[in-house]
Amino acid sequence: MAIYSNFSGMPGLLRAVGSVGFAQLNTRLSDCASSDDPITDILVLGFIFRDEAVHKPELFRLMYTTESPKPEVKLNRGNILSGSGDSDFENFSESFDHVVRATQRALDAGLITATSARAAAAQFWTGLYGFIQLDMAGLYGDDGMAEVLLPSIVNILIGMGADPQRVQESVAKAVQRVLWTARA
């Protein structure tokens with residue numbers, strides 16, 4: 001009971017834990033240096049997001065699932081389309097804004113077209129989030145990244161007007177960056 005009193009009960013504790021999760025995600029995304037290829041950067045940010053989910057599944061569920069671990073605790077998870085800090089979790093907007101900035105760079109470079117960087121970034125994240133949920137449930141086996149995630153993101157980018165060859169080059173660079181970083 002002592003721990004709950006430090007956080008004004010279960011809702012406060014869950015907010016604090018979720019805020020730590022977003023702070024950790026934000027730190028990892030912040031450590032990802034921008035390159036001269038914003039599409040590669042979008043993909044790398046997505047790989048980092050997935051890595052956080054895979055290595056911290058309980059925390060990921062608290063941060064992103066639609067239901068709270070306790071039905072009586074209502075958590076405001078925020079609105080990524082608004083860009084406001086209306087989430088109960090600190091660092092919520094800051095973590096997603098990394099993807100928005102990379103997407104804005106892709107828009108500014110004429111690599112994709114979209115009504116807004118925030119909406120386009122949300123489309124990437126939606127595809128990634130759906131994949132992560134099904135992957136964490138074990139529904140893709142070992143081939144999910146190659147057969148589902150990468151083709152899905154490629155299709156989203158091409159649907160936004162990206163050149164297919166350029167996207168394939170960006171995918172190769174992103175995979176190389178992530179694998180090289182993981183080995184270092």
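What follows is a quick tour, from the overall layout to single helices, helix pairs and a few residues.

Keep in mind that this is a predicted model. The protein chain has eight helices and zero strands, so its pattern, read along the sequence, is simply α-α-α-α-α-α-α-α.

**The chain as a whole**

- Of the 184 residues in the protein chain, 42% count as buried.
- Take the contacts with a separation of 6 or more: 63% of them come from residues 24 or more positions apart.

- Helix 2 covers residues 10-30, and its 21 residues reach 30 Å from the first C-alpha to the last, close to the 30 Å expected at 1.5 Å a residue.
- Quite a list of residues is buried here, including Met10, Leu13, Leu14, Phe22, Leu25 and Leu29. The glycines Gly12, Gly18 and Gly21 are buried too, along with Ser19.
- Helix 4 (residues 57-64) packs against helix 2 at an angle of about 110 degrees, with the two axes 9 Å apart. That angle falls in the range of 65 to 115 degrees, which means helix 2 and helix 4 are roughly perpendicular to each other.
- On the helix 2 side, the contact uses Leu14, Val17, Gly18, Gly21, Phe22, Gln24 and Leu25, while helix 4 brings Leu59, Leu62, Met63 and Tyr64. Sorted by class, that contact has eight nonpolar, three polar and no charged residues.
- Several names in that contact belong to residues three or four places apart, and there's a reason to look out for this spacing. An α-helix has 3.6 residues a turn, so residues three or four places apart point the same way.

**Helix 3 and its two partners**

- Helix 3 (residues 38-55) packs with helix 5 (residues 92-108) at an angle of about 160 degrees, and their axes are 8 Å apart. Angles over 145 degrees count as roughly antiparallel, so that's the label for helix 3 and helix 5.
- The crossing of helix 3 with helix 5 is left-handed.
- Here Pro38, Ile39, Asp41, Ile42 and Leu45 of helix 3 meet His98, Val99, Ala102, Thr103, Arg105 and Ala106 of helix 5. The class count for this contact is seven nonpolar, two polar and two charged residues.
- Helix 3 also crosses helix 6 (residues 117-136), this time at roughly 30 degrees, with the axes coming within 10 Å. Because angles under 35 degrees count as roughly parallel, helix 3 and helix 6 get that description.
- Helix 3 passes helix 6 in a right-handed crossing.
- From helix 3, the residues involved are Ile42, Leu45, Gly46, Phe49, Arg50 and Ala53; from helix 6, they are Phe124, Trp125, Leu128, Phe131, Ile132, Asp135 and Met136. By class, the contact between helix 3 and helix 6 has ten nonpolar, one polar and two charged residues.
- Notice Ile42 and Leu45: they meet helix 5, and they turn up in the contact with helix 6 as well.

**Helix 7**

- Helix 7 runs over residues 144-159, and its 16 residues should span 22 Å at 1.5 Å a residue; the end C-alpha atoms are 21 Å apart, which agrees.
- Its buried residues are Gly144, Leu149, Leu150, Ile153, Val154 and Leu157.
- Just after helix 7, Gly161 takes a positive phi of about 95 degrees.

- Asn26 sits in helix 2. Its relative accessible area is 15%, and because the cut-off for buried is under 20%, Asn26 counts as buried. Along the sequence Asn26 and His98 are 72 residues apart, but in space their C-alpha atoms are 8.2 Å apart.
- Ala119, in helix 6, is partly exposed, with a relative accessible area of 23%. Its C-alpha is 9.5 Å from that of Thr103, 16 residues away along the chain.
- Leu157 belongs to helix 7 and is buried, with a relative accessible area of 0%. Leaving out residues up to four places away in sequence, Leu157 touches Ile39, Ile112, Phe124, Ala162 and Val167. Ala120 is 37 residues from Leu157 in sequence, and the two are 9.2 Å apart in space, C-alpha to C-alpha.

Notes: Residues are numbered from 1 along each chain as its sequence is written. This is a predicted model: local features need pLDDT of at least 70, side-chain atom pairs count only at pLDDT 80 or more; totals for chains, interfaces and linings use all residues. Side-chain values use heavy atoms; hydrogens and water are left out. Helices (H or I, at least four residues) and strands (E, at least two) are DSSP runs, numbered from the N terminus. The expected span of a helix is 1.5 Å times one less than its number of residues. Buried means under 20% relative accessible area, exposed over 50%, partly exposed in between (1.4 Å probe, protein chains only). Axes are lines fitted to C-alpha atoms, for helices over the stretch in contact, and angles run from 0 to 180 degrees between N-to-C directions. A crossing is left-handed if the near helix is turned anticlockwise from the far one by less than a right angle, and right-handed if clockwise. Contact means heavy atoms within 4.5 Å. Ala, Val, Leu, Ile, Met, Phe, Trp, Tyr, Cys and Pro count as nonpolar, Asp, Glu, Lys and Arg as charged, and the others, Gly among them, as polar.
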